[in-house]
Amino acid sequence: MAETVLVTGGAGFIGSFLVDALVGRGNHVIIYDNLDAQVHGDGSGAAINPAAEFIQADVRDRDTLAKAVARADVISHQAAVVGVGQSMYQVERYVDVNTRGTATLLDILVNSKHHIRKLVVPGSMSAYGEGRYRCPRCGPVAATIRSEAQLSRGDWELHCPSCGSELIPVPTDEAKSFESTSVYAITKQDQELLVLGVCRAFGLPAVSLRYFNVYGPRQSLSNPYTGAVAIFMSRLKNNRAPLIFEDGNQSRDFISVHDIVAANLAVLDDERADYGVFNVGTGRRVTILEVAQLLARSLEKEIAPEITGKFRKGDIRHCISDPSRLQTTIGWQSHVTLERGIEELIEWSDRVAARDSVDHATEELRARGLLLG
């Protein structure tokens, strides 16, 4: 008999693709999602697989969640409010949904009868803060967040505290300490630590997957708090220049939602991943400017990005994954190139409306003193 998988946030960007994959391999899937208006609008366009069971409810609704848990064999806890900048002025909401929602799930698991065999929770690269760096003269350096004084001078890169040399970003492995610089990042750290700590104590196998910068179809093009790729796409579809902070040379690791789903399926089925923490990224360093330019070329739009020279408090400069632990533990590796992933995103976007709300979101940050320069 096929297992029942409960996917919280199962109508969301990543969750919906995971649901499709689980249904495709024969699982009975319970989608548990509140259809948050910031992500889904009126909900009419939500990607809800008709072959799955759908429960519209909040992860803080203990009674409804407990009933869903009681019928499941495996839980993929994808539910979360996402938005680094917004989290800094919606502190209670982010902590309540992400941290308390996860605590509610765990409280059900340790105080109720169930037959859950594994729980998977997404961590986030945002909890690392700055990635790993090395100094060309002094070797590895533990980088700290850049000061406002430095950023106000337009001095964007990090420097060695010993010799002052510009630091070189290197892949970030899971052993790096957390240096969260946003409320969102703190709540993702909370989710991971809560799940692994509680599940280890009660002998319930759990896995944390630290997602890097995920992009792909179904990522809302009308949500100005989502990832850079979707935000830039929304601007370009409205014939407006993507807005880039600092000088555009800050870099990230962009990974396709399809590779994220493959990693989730792999750890669900493999006991070697139990109680582990794994980066899910490509290991490829790409600048924000390069992403904006690639999108414009792929859309065949001659719109250059607007490099504002402004900066957001708490932003990091570079963070690229070292995905080798997941590769060596269970054999997973990424397969979708950024170029192919962007092609797929553009094909999908032709059928989707994109409301550009970036100016509003940017003004909110500026009004609260979180955007300077």
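## A tour of the cysteines, a sheet and the cores

Start by selecting Cys 160, which is buried in this predicted model, with a relative accessible area of 5%. A search of the whole structure finds zero disulfides. Select Cys 199 as well: this residue is also buried, at 2% relative accessibility.

Next, select strand E6, residues 132–135. Strands E7, E6 and E8 form an open sheet in the order E7-E6-E8, with antiparallel pairing. Strand E7 (139–141) and strand E8 (168–170) are the edges, each pairing on one side only. From one strand to the next, the twist averages 45°. Three bridges join E6 to E8. To see a bridge pair, pick Arg 134 and its partner in E8, Ile 168.

Then turn to the nonpolar residues. In soluble globular proteins, nonpolar side chains tend to be buried together. The largest nonpolar core here has 34 residues. Among those with the most contacts inside this core are Leu 22, Leu 209 and Val 267. Which helix or strand gives the most to the core? Helix H9 (257–269) is one of the elements supplying at least two residues, and H9 gives the most, with seven.

Center on Leu 209: among the residues it touches are Val 120, Pro 122, Ala 263 and Phe 278. Finish with a second, separate core of 26 residues, including Ala 230, Ala 241, Ile 303 and Leu 345.

Definitions and conventions: Residues are numbered from 1 along each chain as its sequence is written. This is a predicted model: local features need pLDDT of at least 70, side-chain atom pairs count only at pLDDT 80 or more; totals for chains, interfaces and linings use all residues. Side-chain values use heavy atoms; hydrogens and water are left out. Two strands pair if DSSP finds at least two bridges between them. Helices (H or I, at least four residues) and strands (E, at least two) are DSSP runs, numbered from the N terminus. Axes are lines fitted to C-alpha atoms, for helices over the stretch in contact, and angles run from 0 to 180 degrees between N-to-C directions. A disulfide is a pair of cysteine sulfur atoms within 2.5 Å. Buried means under 20% relative accessible area, exposed over 50%, partly exposed in between (1.4 Å probe, protein chains only). A nonpolar core is a set of buried Ala, Val, Leu, Ile, Met, Phe, Trp, Tyr and Cys residues joined through side-chain atoms within 4.5 Å. Contact means heavy atoms within 4.5 Å. Lists of a residue's contacts leave out its neighbours within four places in sequence.
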